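Hi there,

Here is the structure I promised to pass on to you.

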Amino acid sequence: MSSNGIPGPPPDGDVASVAAERGPLAMEAVSLGKDFRLGRGAILHAVRDVSFNLYRGAATALVGESGSGKSTVARLLAGQERLTSGSVRLDGQPVDVSRSRAFRQYKSKVQLVFQDPFSSLNPVHTVSYHLERPVKLRQDKHSRQEVSQETAALLEQVRLTPPGQFLPKFPHELSGGQRQRVSFARALAARPEVLLADEPVSMLDVSIRLEMLSLLDDLRRRFRLALLYITHDIASARYFADEVLVMYAGQIVERGPAEEVTQHPAHPYTQLLVASAPDPDNLGSGLHAGSGAERRAENTGPAATGCPFSTRCPLADDRCRRDNPALQRVSATRAAACWRLDAAAPDILAEPQGGGL
Amino acid sequence: MSTGHGAAGPPAVPPPRGADEPVLAISDFSVVYRTPDGDVQAVNRVNLELYPGQVVGLVGESGSGKSTLAYGACRLLRAPALITNGNVRYRGRRSVAPMEILHVHADDLRRLRWREIAIVFQSAMNALNPVLNVRDQLVDVIHAHLRVSRQEARDKAGSLLEMVGIPRSRLRSYPHELSGGMRQRVMIAMALATEPEVVIMDEPTTALDVVVQRDILTQIVELKESLGFSILFITHDLSLLLELADRIAVMYAGQLLEFGTAREIQHEPAHPYTRGLLNSFPSLRGARRDLAGIPGSPPDLHDPPSGCPFIPRCGYATQACADIDMRLLPVASSLDPAHVTACPFVLPGTPAPPGPAGRPAATSTGS
């Protein structure tokens with residue numbers, strides 16, 4: 001690789017992931033694609049050519065706005081939705097949805113935590129029922145004593161103590177944060193390798209969110225979980241993820257180490273996302289300065305041809321409207337899908353290749 | 001009294017002139033919810049003033065009583081809610097004498113609502129009528145509160161939409177044909193249709209994406225500056241208020257714990273709860289901070305603890321906290337007498353003690 005002087009990055013989106021430093025490869029998403037038929041022949045490309053790896057003990061954040069396809073990616077990985085194209089591999093083995101026995105094993109290794117703790121627990125069952133079932137099914141524990149020991153241990157792991165006080169309760173007797181802890185415990189009961197957390201804290205109160213994210217972080221470390229943290233909040237991704245993947249209109253438009261992507265975003269969409277986040281350190285100035293026309297976001301959907309962001313991008317030119325850019329390497333650990341990186345992020349491109357920031 | 005924006009952002013927000021009367025003054029206001037298990041003290045002796053042209057932010061967690069306070073002040077609550085104490089005084093430019101909202105006759109109340117005080121409700125997704133197009137809903141509002149002809153009302157509906165950044169051509173659209181952000185803009189247009197003096201906004205952008213959220217907030221500020229109304233902005237997102245609001249009221253368990261300018265709340269937070277909230281947001285810019293969050297959860301308002309409701313979650317709490325009378329007093333170290341706190345013990349700048357026993361402080365990855 002050239003060390004300096006060559007303008008423009010090599011056209012290669014295959015960059016090393018910083019998450020790989022945490023542990024061995026657990027899950028590979030290879031060119032995932034998912035189309036939904038909308039009727040009258042219309043097709044929605046919800047996920048297009050999405051590839052990434054999850055590593056044991058590492059947190060990868062998937063960031064995007066509603067409708068960007070981030071939840072669909074989680075459902076594809078969990079096997080709840082059939083792939084239109086691409087494949088998922090766990091521990092090097094391709095996932096076969098048609099073989100029910102193998103797929104059952106896969107499902108216990110890959111657990112999903114949902115956004116809404118109010119609807120993801122069954123209102124007619126107690127906490128202990130929610131936890132006993134996965135313990136019996138996935139851990140092959142059957143004696144009553146083993147099961148109750150295990151459920152109590154699970155509640156302690158998610159800091160619902162003393163466990164005896166929570167086991168007989170019904171979901172409606174718990175607060176939102178406590179319910180989400182039960183959801184975490186239920187996911188852990190299957191002894192997963194991969195945890196897919198889809199907006200796990202966005203329904204919770206602000207003062208509780210941080211504690212829940214810390215808990216998730218703690219569980220990731222202790223059980224060496226490969227964590228996919230799906231969120232619309234790029235600021236929390238900065239704190240709780242090793243690598244950040246930014247999604248727009250079903251595609252990954254930028255990826256790289258969390259700190260670098262949030263502090264020096266390369267793709268114009270990531271830049272818009274970062275600029276739009278509330279910034280208490282910037283009292284009053286942003287809102288009073290008036291915003292650019294490109295902010296009129298909801299009036300312009302993603303483009304049908306070319307770069308999906310071209311309808312909103314201030315830098316878009318004819319090539320952007322014609323051809324959809326692939327992810328290209330920006331540094332050893334970063335990539336972005338943009339034709340105009342020279343204008344969007346000149347200082348990032350100017351840095352010597354291979355080093356990162 | 002100072003404002004949240006010193007020399008920061010032109011155009012500067014007009015300061016609340018000392019001689020000015022507040023456009024809305026809520027005093028000693030209490031609301032309970034009557035339940036078979038006893039009363040729930042949802043709002044407890046709250047004092048809050050909104051001056052003309054100001055944005056006052058009301059921040060609190062769910063169940064802290066912030067919406068109950070705002071709706072109660074407009075007499076919009078139904079049983080089992082019951083206003084047990086206080087009064088709410090409204091004084092607009094158009095009104096001759098101040099009105100005691102809690103005591104006015106039903107006819108006057110009807111004129112007051114929307115004409116003088118409008119509300120943008122939470123979840124615009126559900127607040128619009130799905131079987132009427134946008135124009136008809138706007139025209140309905142205009143006809144109900146203003147005396148104008150059919151044609152004038154239709155024209156006004158079009159200009160209202162344009163004012164909030166939606167092309168006039170969308171007048172015939174139905175709510176399901178609009179995006180979430182556009183629906184929220186329609187709600188704002190409806191609230192502004194009668195040129196109210198006070199607009200209460202209850203989590204108007206919570207369900208929206210950050211890019212759309214910022215877009216709408218920018219627009220709200222622009223409209224406020226051109227039309228000159230005041231805003232009571234209710235949200236759980238303190239980081240948003242720090243940018244948007246002139247003054248911020250921090251609410252917890254039905255009580256105000258602190259009230260001050262955005263700058264004071266950010267740089268000299270007096271109450272331990274305010275500090276906890278400030279430490280609950282991962283910051284996107286600047287150096288990575290140690291985030292703490294607030295362990296525990298809010299108290300059960302069926303059986304409120306005596307003294308300060310924040311005691312179980314407070315790292316500074318002492319024996320004396322259970323005996324304090326929860327009154328807002330000026331922060332001793334502050335030059336601004338309007339910066340008030342309910343905690344008489346902790347001063348801004350006091351180093352934080354270790355968290356309450358048994359709870360490890362939160363850490364983040366990479367450290």
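This is a predicted model: local features need pLDDT of at least 70, side-chain atom pairs count only at pLDDT 80 or more; totals for chains, interfaces and linings use all residues.

Let me begin with the open sheet of chain A, which has eight strands in the order β6-β7-β8-β3-β9-β10-β12-β11 and mixed pairing. Its edges are β6 (110-113) and β11 (328-331) of chain A, each of which pairs on one side only. From one strand to the next, the twist averages 20°. Helix α10 of chain A, residues 268-276, packs on this sheet and touches β3, β9 and β10 of chain A. The direction of α10 makes about 100° with that of β9(A).

Which residues point which way? A:Glu243, A:Leu245 and A:Met247 point one way from β9(A), while A:Val244, A:Val246 and A:Tyr248 point the other way. Note that A:Glu243 is among the buried residues here.

- β3 of chain A (residues 59-63) pairs with β9(A) in the parallel sense, over four bridges. Within that pairing, A:Ala61 has A:Val244 as its bridge partner.
- β10 of chain A (residues 251-257) runs antiparallel to β9(A), and six bridges join the two. Here A:Tyr248 stands opposite A:Gln251.

The hairpin of β9(A) and β10(A) has two residues between the strands, and A:Ala249 takes a positive phi near 50° there.

**A glutamate on a helix of chain A**

A:Glu132 sits in helix α3 of chain A, residues 127-139. Is this residue buried, exposed or partly exposed? Its relative accessibility is 25%, so A:Glu132 counts as partly exposed. Once neighbours within four places in sequence are left aside, A:Glu132 is in contact with A:Val147 and A:Thr151. A:Arg186 is 54 residues away from A:Glu132 in sequence, yet their C-alpha atoms are 8.7 Å apart in space.

**A glutamate in a loop of chain B**

Now compare B:Glu61, which is placed in the loop between β3 (55-59) and α1 (66-73) of chain B. With a relative accessible area of 3%, B:Glu61 is buried, the cut-off for that being under 20%. What does B:Glu61 touch, leaving aside its neighbours within four places in sequence? In chain B, the residues in contact with it are B:Lys66, B:Tyr252, B:Tyr273, B:Pro298 and B:Arg313. From chain A, A:Asp205 and A:Ser207 are in contact with B:Glu61 as well.

**The sheet in chain B**

Chain B has an open sheet of four strands, in the order β2-β1-β4-β5, with antiparallel pairing. The edge strands are β2 (38-50) and β5 (99-100) of chain B, and each pairs on one side only. Inside the sheet, β1 (residues 24-35) and β4 (residues 81-90) of chain B run antiparallel and are joined by eight bridges. One pair to look for is B:Ser30 with its bridge partner B:Asn85 in β4(B). Helix α1(B) lies across β1, β2 and β4 of chain B and runs at about 110° to β1(B).

**Helix α4 of chain B and its two partners**

Finally, have a look at α4 of chain B (residues 134-145) beside α6 of chain B (residues 180-192): their axes come within 9 Å and cross at roughly 25°. An angle under 35 degrees counts as roughly parallel, so α4(B) is roughly parallel to α6(B). The contact is made by B:Val134, B:Gln137, B:Leu138 and B:Val141 of α4(B) with B:Val186, B:Ala189 and B:Met190 of α6(B). By class, this contact has six nonpolar, one polar and no charged residues.

With α5 of chain B (residues 150-163), the axis of α4(B) again comes within 9 Å, but the two cross at roughly 115°. α4(B) passes α5(B) in a right-handed crossing. The residues making this contact include B:Arg135, B:Leu138 and B:Ile142 of α4(B) and B:Arg150, B:Ala157 and B:Leu161 of α5(B). The residues of the contact of α4(B) with α5(B) divide into eight nonpolar, one polar and four charged.

Definitions and conventions. Residues are numbered from 1 along each chain as its sequence is written. Chains are lettered from A and ligands numbered from 1 in the order in which they are written. Side-chain values use heavy atoms; hydrogens and water are left out. Buried means under 20% relative accessible area, exposed over 50%, partly exposed in between (1.4 Å probe, protein chains only). Two strands pair if DSSP finds at least two bridges between them. Contact means heavy atoms within 4.5 Å. Axes are lines fitted to C-alpha atoms, for helices over the stretch in contact, and angles run from 0 to 180 degrees between N-to-C directions. Angles under 35 degrees count as roughly parallel, over 145 as roughly antiparallel, 65 to 115 as roughly perpendicular and the rest as oblique. Ala, Val, Leu, Ile, Met, Phe, Trp, Tyr, Cys and Pro count as nonpolar, Asp, Glu, Lys and Arg as charged, and the others, Gly among them, as polar. A crossing is left-handed if the near helix is turned anticlockwise from the far one by less than a right angle, and right-handed if clockwise.
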